[in-house]
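Subject: Structure handover

Hello,

Here is the structure I promised to pass on. Please open it next to this message; my notes follow below.

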Amino acid sequence: MKKQKRAIAAKAGKGGRSTVKRKTVASVAAPPARVRSKRADRGRDTVHGLRRELAAALRRIEELEAIADTDFLLGIPNRRGFEHALHRAIAYIQRYNASGALIVLDVDLLKPINDSYGHAAGDEVLKAIAATLTGQVRSSDVVGRLGGDEFVVLLWNLSETDARAKAAGLEQAIDGLTFEFDGRSVTAGASAGVALLGSHVEAGRAMAEADAAMYVRKAQRRHERQMIKP
C-alpha cells in the first residue's frame with residue numbers, strides 16, 4: 001500500500017513539474033500582438049527621426065559649402081568656388097566637344113583709390129564692378145572674384161573673335177564707371193586677358209594663360225594712359 005502511494009505521488013509530482021514547464025515555455029515563446037505592434041511603431045519612429053536628422057545635416061553641409069565658395073563682400077564665387085565651376089565646365093567641354101572662354105580682369109586703379117579714399121571706397125568700386133560684369137553676361141556664364149582686385153568670367157560657346165570682343169566690351173563697361181569720393185570724380189578701369197577653352201585644355205593652364213594675357217594688356221593700357229597725359 002505504501003509503495004502504491006509513493007508511486008502515485010511520484011507520478012503526480014512529475015506531472016506537476018511538466019505542466020509548469022509547459023506554461024513557462026508558452027508564456028515566453030511569443031509576445032502578444034499588441035506588444036509587437038508597439039515595438040514596431042517605436043522602431044519606425046526611430047528610423048524616421050534619424051532620417052530627418054540626416055537630411056538636416058546634409059542641408060547644413062550644403063549651406064556651409066556654399067558659404068565657403070562665395071565671396072562675402074560681393075556675393076559671387078570666390079577663387080575656390082570659381083575653380084569648382086571651371087573644373088565642371090571643362091569636364092563638360094571635354095565630354096561633349098563644346099567650347100568656352102576665360103576672361104581675367106584686373107582693376108587698374110584700385111590701390112590708388114584705397115590709398116587716397118580708404119578701403120570703404122575701394123569696396124564700393126569692387127561692388128560696382130561685380131554688378132557690371134554680372135549684368136554683361138548670360139545667366140549660364142559665371143563671374144567670380146579671384147581675390148583682391150582680380151575678377152574672372154567663364155563664358156560658354158564663344159569663338160575666339162567673340163571672346164576677344166566680349167573682353168573689350170567688359171573693359172569699356174568698367175572704364176565707364178565713375179565714382180564720387182571727397183567731391184572728386186574717380187574712375188577705376190580694368191584690363192582683360194582671354195584664354196580659350198577647348199577639348200584638350202586644363203583648368204590650371206587656362207587660368208595661367210588668361211592671367212598672362214591680362215598682364216600684357218595691363219602694360220599696354222598703362223602705356224596708352226602715359227601717352228595721353230600732357
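Start with a rule for the rings. Rings of Phe, Tyr and Trp (its six-membered ring) pair if their centres lie within 6.5 Å. Keep in mind that this is a predicted model. By that rule, the model has 4 aromatic pairs.

Take Y117 and F181. Their ring centres are 5.5 Å apart and their planes meet at 35 degrees, so this pair is tilted. Planes under 30 degrees apart would count as stacked, and planes over 60 as edge-to-face. The pair ties together distant parts of the chain. Y117 sits in helix α4 (residues 110–117), F181 in strand β4 (residues 179–181), and 64 residues separate them.

F181 is buried, at 7%.

F181 also pairs with F179. This pair is stacked, with 6.0 Å from centre to centre and 5 degrees between the planes. F179 has a relative accessibility of 8%, so it counts as buried, the limit being under 20%.

Elsewhere, Y92, Y96 and W156 are linked into a cluster by ring pairs.

Helix α4 has a further contact. Its axis and that of helix α5 (residues 119–136) come within 7 Å and cross at roughly 145 degrees. On the α4 side, the contact is made by L110, I113, N114 and Y117. On the α5 side, H119, A121, G122, V125 and L126 take part. Which classes of residue make up the contact of α4 with α5? There are 6 nonpolar and 3 polar residues, and no charged ones.

Now the strands. Of the 6 residues in strand β2 (residues 142–147), 5 are buried, so β2 is largely enclosed by the rest of the structure. Strand β3 (residues 150–156) runs antiparallel to β2, and 5 bridges join them. R145 stands opposite F151 in β3. The hairpin of β2 and β3 has 2 residues between the strands. There, G148 takes a positive phi near 60 degrees.

Best wishes

How values were computed: Residues numbered from 1 in each chain as written. Predicted model: local features only at pLDDT ≥ 70, side-chain atom pairs only at ≥ 80, totals over all residues. Heavy atoms only, no water. Helix = DSSP H or I, 4+ residues; strand = E, 2+ residues; numbered from the N terminus. Buried < 20%, exposed > 50% of the residue type's maximum accessible area, 1.4 Å probe, protein only. Pairing = 2+ DSSP bridges. Axes fitted to C-alpha atoms, helices over the stretch in contact; angles between N-to-C directions. Contact = heavy atoms within 4.5 Å. Nonpolar A, V, L, I, M, F, W, Y, C, P; charged D, E, K, R; others polar.
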